[in-house]
Amino acid sequence: MGENNRTDLKLTGGCQCGARRYEATVVSDKGYFCHCRMCQKAVGHVHAAFFMIDVGAVTWFGKEPAYFHSSKLAKRGFCPDCGTPLSFQYLDAGHMDLTVGSLDDPSALRLAGHGGVESRVDSFVDPGGLSESETEDSADYVAKWHAAYGPDSAPGPRA
Ligand SMILES: [Zn+2]
Ligand SMILES: [Zn+2]
């Protein structure tokens, strides 16, 4: 797939205060924005910028992140000392996301798509013609959410 699928790209990053550091190996230079309400709350911005890796492809140095369970389905890693958002992970998944902004060199990756666009704040974001998906486009995710919160519930912040 040419330049779009580099292999074994080693990335380093960490939180703002330096107490949590990581090294991650990715097989693609693609990142994405998630505009869902939970990601907006988690990062305090109109979207989160993430890149996906296998759970086993990240090594933490120094202190481990602390975790906030943003729903029964997922946890978000952050530094409890400085507050930097670091990761997102479904509890039953073999892959996870790290925040692009926590990389030592965020420009190593490129934006490749948009998720959670049902709550995208359009005045802040130019989609740039990239792929888009809504949170509830994933039937598997919606089924898990209904199992956790009931058939009349919809994915979103709990409070
Ligand atoms: Zn920190
Ligand atoms: Zn999201």
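The model being predicted, local features need pLDDT of at least 70 and side-chain atom pairs count only at pLDDT 80 or more, while totals for chains, interfaces and linings use all residues. Residues are numbered from 1 along each chain as its sequence is written, and chains are lettered from A and ligands numbered from 1 in the order in which they are written.

Start with the overall make-up. The protein has two helices and 11 strands; both are DSSP runs numbered from the N terminus, with helices being H or I over at least four residues and strands being E over at least two. Along the sequence, the pattern reads β-β-β-α-β-β-β-β-β-β-β-β-α. The radius of gyration, taken over C-alpha atoms, is 16 Å, close to the 15 Å from the globule rule (2.2 Å times the number of residues to the power 0.38) for 159 residues, so the protein is as compact as a globular protein of that length. Its C-alpha atoms fill a box of roughly 40 × 35 × 30 Å along the principal axes. As for contacts (C-beta atoms, placed from the backbone, within 7 Å), residues 24 or more positions apart account for 53% of those with a separation of 6 or more. Buried residues make up 32% of the 159 residues; here a residue is buried if 20 or more other C-beta atoms, placed from the backbone, lie within 10 Å of its own, exposed if 12 or fewer, and partly exposed in between.

Now for the sheets, where two strands count as paired if DSSP finds at least two bridges between them. Eight strands make an open sheet of mixed pairing, in the order 6-7-8-9-4-3-10-11. Its edges are strand 6 (66-71) and strand 11 (131-132), each of which pairs on one side only. Within this sheet, strand 3 runs parallel to strand 10 (residues 110-115), with five bridges joining them, and Lys30 stands opposite Arg110. Strand 3 is also joined to strand 4, this time antiparallel and through three bridges; Tyr32 sits opposite Phe50 there. Four of the five residues of strand 3 are buried, so this strand is largely enclosed by the rest of the structure.

Strand 4 (residues 48-54) pairs in turn with strand 9 (residues 95-99), in the antiparallel sense over five bridges. In that pairing, Phe50 has Thr99 as its bridge partner, and Met52 stands opposite Asp97. Asp97 is also the bridge partner of Phe88, from strand 8, which is antiparallel to strand 9 and joined to it by two bridges. Strand 9, too, is largely enclosed by the rest of the structure, because four of its five residues are buried.

The other sheet is an open one of three antiparallel strands in the order 1-2-5. Strand 1 (9-14) and strand 5 (58-62) are the edge strands, each pairing on one side only. From one strand to the next, the twist averages 20°, with axes being lines fitted to C-alpha atoms (for helices over the stretch in contact) and angles running from 0 to 180 degrees between N-to-C directions. Strand 1 and strand 2 (residues 20-26) are joined by six bridges and run antiparallel, and Leu11 has Ala24 as its bridge partner.

On to the core. In soluble globular proteins, nonpolar side chains tend to be buried together. A nonpolar core here means a set of buried Ala, Val, Leu, Ile, Met, Phe, Trp, Tyr and Cys residues joined through C-beta atoms within 7 Å. The largest one has 28 residues, and Cys34, Cys39, Ala48, Phe50 and Phe51 have the most contacts inside it. At least two core residues come from each of strand 2, strand 3 (30-34), helix 1 (37-43), strand 4, strand 7 (74-78), strand 8 (85-90) and strand 9. Strand 4 gives the largest share, five residues. Leaving aside neighbours within four places in sequence, Cys39 is in contact with Cys34, His47, Ala48 and Gly116.

Strand 8 and strand 9 form a hairpin with four residues between them, and Gly94 lies in the loop connecting the two strands. Gly94 is exposed, with 9 other C-beta atoms within 10 Å. Not counting residues up to four places away in sequence, Gly94 touches Asp54 and Val55. Between Gly94 and Asp152, 58 residues apart in sequence, the C-alpha to C-alpha distance is 28 Å.

Methods
Two residues are in contact if their C-beta atoms, placed from the backbone, lie within 7 Å.
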